[in-house]
Every structure is written in C-alpha cells, then in structure tokens.
Amino acid sequence: MDIYALLKSMTLEEKLAQMSQYGTSVLDSGAADDVTGPARDLGLTAEHIAAAGSTLGSGTAEQVIAMQKAHLEKDPNKIPLLFMRDVIHGYRTIYPIPLGMGATWDEKIVYDCCRMAAKESAVSGITVNFSPMVDLVRDCRWGRNMESTGEDAWYNSRMGAVMVKGYQGDDLKGKYDIAACVKHFAAYGAAESGRDYNTTDMSDYTFYEHYLPAYRAAVDAGVEMVMTSFNALNGVPCAGNQWLVNDLLRGEWGFDGVVISDWNSFYEMINHGFIENSKQAAEKAVNGGTDIEMMSSTYIHHMKALIDEGKVRKEQIDRAVLRILRLKEKLGLFENPLRATSVEEEAKYCLCEEHRTLARRAAEQAAVLLKNEGVLPLSENIKSIAVIGPFAACGMNGWWSCQGDTKESVSVVDGLRAALPHAEITCTAGCTDGLHDSSNDTMLEKAIAAAREAEAVILCLGEQEGWSGEGNSRADVGLPAAQKELIRHVVAANPRTAVLLFNGRPLALGDVINDAPAFFTMWQPGTEGGSAAANLLLGRVNFNGHLTMSFPYHVGQAPIYYNRMNTGRPKPGDDSTMGYVSRYVDCPNAPLFPFGYGLSYTTFAYGKPILSANTLKKGSGEQVTLSVTVKNTGYVAGTTVVQLYIRDLVASLVRPVRELRGYERITLAPGEERTVTFTVEEDMLAFRTESGKIEAETGDFHLWAASDAASGEPVPLTLV
Ligand code: GLC
C-alpha cells in the first residue's frame, strides 16, 4: 500500500476521522447509517463513523470480523480499523496483576505471559494493546498500583521493555504479535494524596530520576504507541502538553510512533482550568503532538476552523495521519485487515490447558510469603482444612481482567478440594463483600466452629476487586474492621491459621500482623489463583516472590518507598526515641515489609559481599565485580532474589539511601551454596546532575548484595 498516495487522496474530514477513536458501542451501533446513542452524544455523523480510524473495547473474533467487514464496506478509503484493548494481565486467561508479576523478579515468565496475552488477543482481533503501564508508584492509596510493577524506576524500565517485546514479538512480524502502547505519559502515578486523577507536581530532579525512565525504556524497546495521561504535570495537563510530547518524547527521544490520548482527556482540560472550550482542546492537543483522540470529538468538530485561522497547519494533520497509516501498514492490515483474527483459533487457544498452566505458574511465582511461624506448608496427609472468609470461594482476577470471567477462575476452596480429594475442605463465608462478615453473628459462629473442627485454617481476606484499579483509591489501606475481628476469633479458635491476602496494592498490616502466625499475598492472581494457592499451601511449590512496593505499618506513612533521601535529621534507628529527628511519634519510619522482601519455606544465609577492587577510575571504562555467596540453610529447595544496591554517599545533589542496580534469581537445593557475581561499572553510579547531564561523580559509594532493600552490610567503593 502506498500510504503517501492514500494520504493525498483523503479529504480533511476523512483524515480527522482517522485521528479519532470511539468505543465499539459507538461504531458497532448495528444501525449502519443512523447515528444513535453514544455517537449522537459525540456529535458524529454516519460519515464520521464510516471513516473512523480505530476502535477500543471489542471482545471477540466474531465481533471484530463483523465490524471490520462492515467498516470496509462503508469507509470511502477502505482503510482497516485498528482494534485496541486494555490487555493488562491476560486476555481471557488471566494471570496476576502487574504488581504481582513484578514480584516474580522473573523476566522470562513476564515475557511468556505477555506472549500468551498477545496470542489470545490477536486471535480475538486485537491489534493494539494499551499496555505496558509503567507509571512509577509510591503511594499505596492509589488504585492503579495494581497495574504497575512498583516503586523502582530501574526495575520498571526492565519490566516495561520485557512487556513491549512480549507483545510486539519480532517487530510485529509474527502472526500473533500485537502493537504495544506504553502509558500513562507521564507521571500519572504521582497523583497527590494517592487519589486517582489528582494533580502531580514535582521537581525535574524527581521527574527525570524516578518518574520518567520507564517510559523511555519502553520507547527504546520499540513500543509502537504512547498514551498521554489524565493528570496535570506541574500545572500543564499531559493531554495538551507540548513540551512533554513534541519536545521531549518526539524531539529529544526521537519517538515517531503514534501518540493517543486517554479517554476524553482532551475535554477534561476544561475541568483542569487549562482551556475554556473544546475548540481550544483540539488546538492544545494537536499542537501537543497527539495523533489519536480517544472518545471525544474535538478534532472532528474544530480542526478545520483551527487550520483556517492559522492556529494549526495542515502538515501537522498529515504527519499524524501518516503515523497512523504507517502503523496499520506495519501490522499488515492493508493486505489482511483481519490479521490473526479467527473464531476457531480463539476457541482453541483462549483458556487452553497450556495457557492455564502458565497462568498458574505465574500465580505461584507472584505470591509473596510475608510471615510464617510454623504453620505452612500444610501436610499432604492433612485430613481437614477450614477455608474461611469473604474471598474463600470466589475467583480473584482483579481490575482490567479483559475477557476473563471469575466464573472460569479457580477459587481457593476449589483449588484445595482438587489438590486434596480425600481431605475435608469446608468453606465458610465464601464470597461476600469483605466488609460485614463478623458483624453477622451466625456467620461468625459458623467460622469459629469450622476453625475449631479443622486441622488448619486458611483465612481468605484482603480487598475485593473493586477496591483497586482505575478510580478506586482508598484513604485507608488496612484490612476492614470486620476482617480484623474475624482473624482474632478464628485464630483464637485454631492457632494453626494462615491468612491469604488478595490485594491490588500494598496493605497496611501493622495492626494485624501479630494476630496470626502466617500471612501471604497472592495479589489478584487470576484464572488459576486457587490451584496456585493449593500448591503453595501444600509446599508442592515454594514461595519465591519478592515485593516491588513497600508495605507500610500504617497508611499515614504514605508515600513510602525504599529509595528515599536520608534528610538532615535522620532517625538513628527504628527503635530510637530521640526527638527532633525525622520521625513519627506513633509509628516507625520503616515499612513493615520493605521493597525486595519475601520469605521462603527454606532459609538463606548471605555471606559478606566481596569487591574485586575498592576503587574504580572515572572515565576508564574499568569494571569491578561484587560477589556474594548464598547458602540454602534449610531443608527444601528454594529460590531467592539477590539484589544489588548502591548508595552515593556524597554528591552534588542528595542521593537515595539505596538504589537497585541489578538482581539475580537463584534456586538452591538444601545445603547448596552459590556465589553470585555482579559486574559494577561507572554508569551504574551515575545520576542526572543539576546540569541535566547523566554522570557519575567521584567519591565514596556503598554497595550491597542483599535479599531486600533493608538487609545486608555495605561494602565501600570509591570512584576516583
Ligand atoms: C482508561 C485508562 C487507560 C485505558 C483507557 C482505555 O480511562 O486510564 O489506562 O487504556 O481508558 O480503556
């Protein structure tokens, strides 16, 4: 297809329609020519709909086949639609939410799950995936923590790049490759007070050091699309932020792919108080470099006037349309508008055994053991288990679970019954809202009786799916009072109780952690959550997840993150009572569970890290190695994540007390020990100095090779 000739043949109206994206309910009205409902609300004519460039929200191959066929009959230029969807952690086979996938510290399983999601998406007709979401998160109150891989920019950069490659495969050449869209550009996760859509405001230092790098990593990994975010960044809404898109993304980074807005965010610049009307929205957005307008129609209605008034140049429209046509060409849509869409293959691959197995493995690896005082694992010969609590009998897919259906997901009680067919697995409470259980005396009495009767108890608590995700921030991230009471009563009835948490964010567990002998989180584990839970509880697989977001004692510590600054008055130690230091009088500074933390059914001993040399010459290209010997000191095989941290002790800008710069997952048999060696070079010590240059400054550093961000002894290194 000669897209330049195609562009030349298009009218301005047709170009503007190509730059517009509407939900399938708008396009798939069924009433081919008359404009009803959502379309009417957007002020669209049948011609606008006929020439639309893309749609979002399609669900099945059958729907896509019908829509694409109908569209090509109507579109005057016969340009195929792009079908876009939020496939955040699986299409029909759902694996753990990204905050759980991040906890695997396993780029291979993250990649494999993205390949699986891409395949199920492609056969269902999806061509663009609104993922990866790489927003850095530091505030446990924010509902969209569940979509992120956590609080570290370096780690999120790696995971974001892996996801882009997992979706796009070998540059979209594969049958099941789909285009990825990195979001939300930029710094959406810094929503003030952890309240979704709230304003974000930060120094360049923080922006460049923490909030920006992962988007850059996705661009460098070849992501085809970038989505701008709802938030105002330092006073300018990202939807119309010319510096952010044209100067930084396109100018400095050289991104020439497609930029799409978030849902209706153009209009929302009016609410921000940045513009007065929708015509100004169109002007700000197109001059802010956004090619596709999602679910609003300002381009359609105002662009011609803006061009006539000289506020927008035709070349800008042509460049935007060319980027969209180029993506369609790259996806091969002109030759084959349906690509891999296939009702037969959709039925064959979605939820197939191979995919369910991968989803279960991912759920097992994402789970993090937080506390275990002699309760887990349960014996394979156990005769009775009481599964109690509001989430005992429901599938837990989490927000953004696409075509996943919790009815197709394995609950904890089902997983245990399948794993232990000869044991008595009782279920009490089962599936409720998680807010009122213990106030229901009958239920409470039943729970206590069930706990007394059983050899062990699994208490399934935490958050229901709707307490996290978009628009679902919480001011209090502790367990609801009813659940805390249930823990106390059930543990009193049977001390052999483990608390299984489902959560879409870090929870504040400071006031419950001493009320039960075992706690672990499965996040929102997806289709095979219950079978993964059973394997973990019985020790058929070991826990090897490690947190990528700090878990606070109390929500009042938010935002809390490991790579904090030391301050001028650091608190001398967790139990210090010294006054006039940076502290709370009613809560520790440190998190309850730090970044990188995770227990196992075995134990590991870390030796003292050894540096091959204690100096590194700046500009020499030299490397030193940091080695640490790790031993499995327990009785079962286990996997741990050895984490490399650095600290720049004195610099021209104050630096974090620790910064992750490497990691290695190792699996050791009982008694086995292994030496892990990291190569340390100058660029690992660099940061964005006041001049804007990324460089390492000479001076002293501390390095750790540790099991989490709060452990280990530092070794000194000097950059000379
Ligand atoms: C939403 C989300 C964004 C998503 C888009 C399309 O509002 O902010 O992440 O991709 O709309 O569903």
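Reader: What is 3.0 Å from an N or O atom in the side chain of Glu 470?
Author: That's an oxygen atom of the ligand. Keep in mind that this is a predicted model.

Reader: OK. How much of the ligand's accessible area does the protein cover?
Author: On its own the ligand has 310 Å² of accessible area, and the protein covers 93% of that.

Reader: And the aspartates, how far is a polar side-chain atom of Asp 86 from an oxygen atom of the ligand?
Author: 2.4 Å for Asp 86. Asp 262 also has a polar side-chain atom by a ligand oxygen, at 2.6 Å.

Reader: Switching to pockets. How much space lies in the largest pocket?
Author: About 1,000 Å³. Its lining takes in 39 residues, and Tyr 561, Tyr 562, Arg 564, Ala 590 and Val 657 lie nearest the centre.

Reader: Which helix gives the largest share of that lining?
Author: Helix H10, residues 204-211, with 4 residues. By class, the lining of the largest pocket splits into 18 nonpolar, 11 polar and 10 charged residues.

Reader: What about the second largest pocket, how much space is in there?
Author: About 710 Å³. It is lined by 26 residues, and closest to its centre are Ser 157, Tyr 208, Glu 209, Pro 213 and Ile 694.

Reader: Which elements each supply at least two residues of that lining?
Author: H10 is one of them, along with helix H9 (153-168), helix H11 (213-220), strand E22 (659-668) and strand E24 (687-688). The lining of the second largest pocket has 13 nonpolar, 3 polar and 10 charged residues.

Reader: Last topic, the open sheet of 8 strands. What order do they come in?
Author: E9-E6-E5-E4-E3-E2-E1-E10, with parallel pairing. Strand E9 (258-260) and strand E10 (293-294) are the edge strands, each pairing on one side only.

Reader: Over how many bridges do E2 and E3 pair?
Author: Over 3 bridges, in the parallel sense, between strand E2 (residues 54-56) and strand E3 (residues 82-85). Across that pair, Ser 54 stands opposite Leu 82 in E3.

Notes. Residues numbered from 1 in each chain as written. Predicted model: local features only at pLDDT ≥ 70, side-chain atom pairs only at ≥ 80, totals over all residues. Heavy atoms only, no water. Polar contact = N/O pair within 3.5 Å; in protein donor to acceptor, adjacent residues only side chain to side chain. Areas by Shrake-Rupley, 256 points an atom, 1.4 Å probe, with all protein chains shown as cover. 1 Å grid on protein atoms, 1.4 Å probe; cavity = no way out; pocket = protein on both sides within 12 Å on 5 of 7 lines; lining within 4 Å. Points joined across faces, edges and corners; volume = space filled by probe spheres on them. Nonpolar A, V, L, I, M, F, W, Y, C, P; charged D, E, K, R; others polar. Pairing = 2+ DSSP bridges.
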